[in-house]
Structures are given as C-alpha cells and as structure tokens.
Amino acid sequence: MVNVHVQYAVRPSHVPDESSITRWAQSVFDKSHRGELTVRLVSESESCALNKQYRGLNKSTNVLSFPADWASDDGGEYFGDLAICADVVARESRDQGKSTTAHWAHMVVHGVLHLLGYDHQSNDEAVEMESREIGLLAGLGFDNPYEQEHSH
C-alpha cells in the first residue's frame, strides 16, 4: 500500500479533493509497492519558484516531480514529491477543451510515473510513458489525454 499525503497550498475549492488525488496516485502502483509520496497543490508563484530553482526555467508549469531515494516511515520506500499548479492545470484544461477532472487525474498519474523513473526525453521514452498513462487513465474511467478533444 502506498500512502499519499496531500498538501493544499491553494484554496481547496479550486482543486480535486484528497480522496480523488489519492486514488489517482495509488492507481499507478501495484500491490507489491509499499511506501509513501506527497502531492502538493501549489500556486503559480510557487510553481514558478520551484521550476526556476530546480530546472532553470522562469515560468510556472503543470507538474513538477521530485523523486526520492530513501525509506519511508513505514519501512517502505519514499517515492518523492509532486508539485501540481492548480492555475496551470485549470488553464490547460480550458485551453485544450478537456475536463478539468480528467486533466487533474492525468497530471497526478504523469507525475507519479516520473517518480517511478518514467520520462519522455526521447521518442521511445515518450511512447512508453504515454502508453502507460493511457492505460492507467482508462482504468480510472478517463479518455486518452493525448487525443485532441473538441473545444466547447
């Protein structure tokens, strides 16, 4: 079992509830995984500051992943931290004509896959990661996030 700690650095009324975020994050793990991770929902200013400090980019972004490599309090693994920017996710879902809930689920799954070592720097890596995301999101009842949806 993987324990998910959700931190709200933004007003909870504009973001998914803790149980949804936990369910989406836990869907990435199989039954053999034990440990924990933290998902922090952040403002654009915090996202920008983290992106600048850790990636050298002076702009906010949808999700940042910070993998960890140490034991968790329960003897499992501490997988790391995600920082998801509520305003960027809302803007992207609106601009891309996607359900906000579906886009949040995608960002959580995407971030957790990064914590597990998946990446999309090369085409082969991107294909593997996107395939895994599509399957996991389908299992949660969401459509393929990479298919263009119609704007409203």
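Strand β4, which spans residues 77-85, is mostly covered, with seven of its nine residues buried, where buried denotes under 20% relative accessible area, exposed over 50%, and partly exposed the range in between (1.4 Å probe, protein chains only). Helices (H or I, at least four residues) and strands (E, at least two) are taken as DSSP runs and numbered from the N terminus. The model is a predicted one, in which local features need pLDDT of at least 70 and side-chain atom pairs count only at pLDDT 80 or more, while totals for chains, interfaces and linings use all residues. Residues are numbered from 1 along each chain as its sequence is written, and side-chain values use heavy atoms, with hydrogens and water left out.

Strand β4 pairs with strand β2 (residues 35-42), to which it runs parallel and is joined by eight bridges; two strands are considered paired if DSSP finds at least two bridges between them. Within this pairing, R40 has A83 of β4 as its bridge partner. Strand β4 is also joined to strand β3 (residues 63-71), here by seven bridges and in an antiparallel arrangement, and the partner of V63 in β4 is I84.

Residue A71 lies in strand β3 and, at 54% relative accessibility, counts as exposed. When residues up to four places away in sequence are not counted, A71 touches G76, E77 and Y78, contact being defined by heavy atoms within 4.5 Å. The C-alpha atoms of A71 and R34 are 9.9 Å apart in space, although the two residues are separated by 37 residues in sequence.

Side chains of opposite charge can pair when their charged atoms come close. A search of the whole structure finds two salt bridges, each requiring a side-chain nitrogen of Lys or Arg within 4 Å of a carboxyl oxygen of Asp or Glu. One of them links R40 with E46, the closest N and O atoms being 2.7 Å apart; R40 is partly exposed, with a relative accessible area of 28%, and E46 is likewise partly exposed, at 22%. In the other, the side chains of E44 and R91 meet with an N to O distance of 3.1 Å. Because E44 lies in helix α2 (residues 44-55) and R91 in helix α3 (residues 86-95), this pair ties together parts that are 47 residues apart in sequence. Both members of the pair are partly exposed, E44 with a relative accessibility of 26% and R91 with a relative accessible area of 31%.

The structure holds zero disulfides, a disulfide being a pair of cysteine sulfur atoms within 2.5 Å. For C48, the nearest cysteine sulfur is that of C85, which is 9.4 Å away, and this separation is too far for a bond. Residue C85 is buried, with a relative accessible area of 0%.

Helix α4 (residues 100-115) has 16 residues and reaches 23 Å from its first C-alpha to its last, close to the 22 Å expected at 1.5 Å a residue, where the expected span is 1.5 Å times one less than the number of residues. This helix is mostly covered, 13 of its 16 residues being buried. The N-terminal end of α4 is capped by S99, a side-chain oxygen of which lies 3.3 Å from the backbone nitrogen of T101; a polar contact is a pair of N or O atoms within 3.5 Å, and within protein one must be able to donate a hydrogen and the other to accept it, with residues adjacent in sequence counting only if both atoms are side-chain atoms. Helix α4 is followed by G117, whose phi is positive, near 100°.
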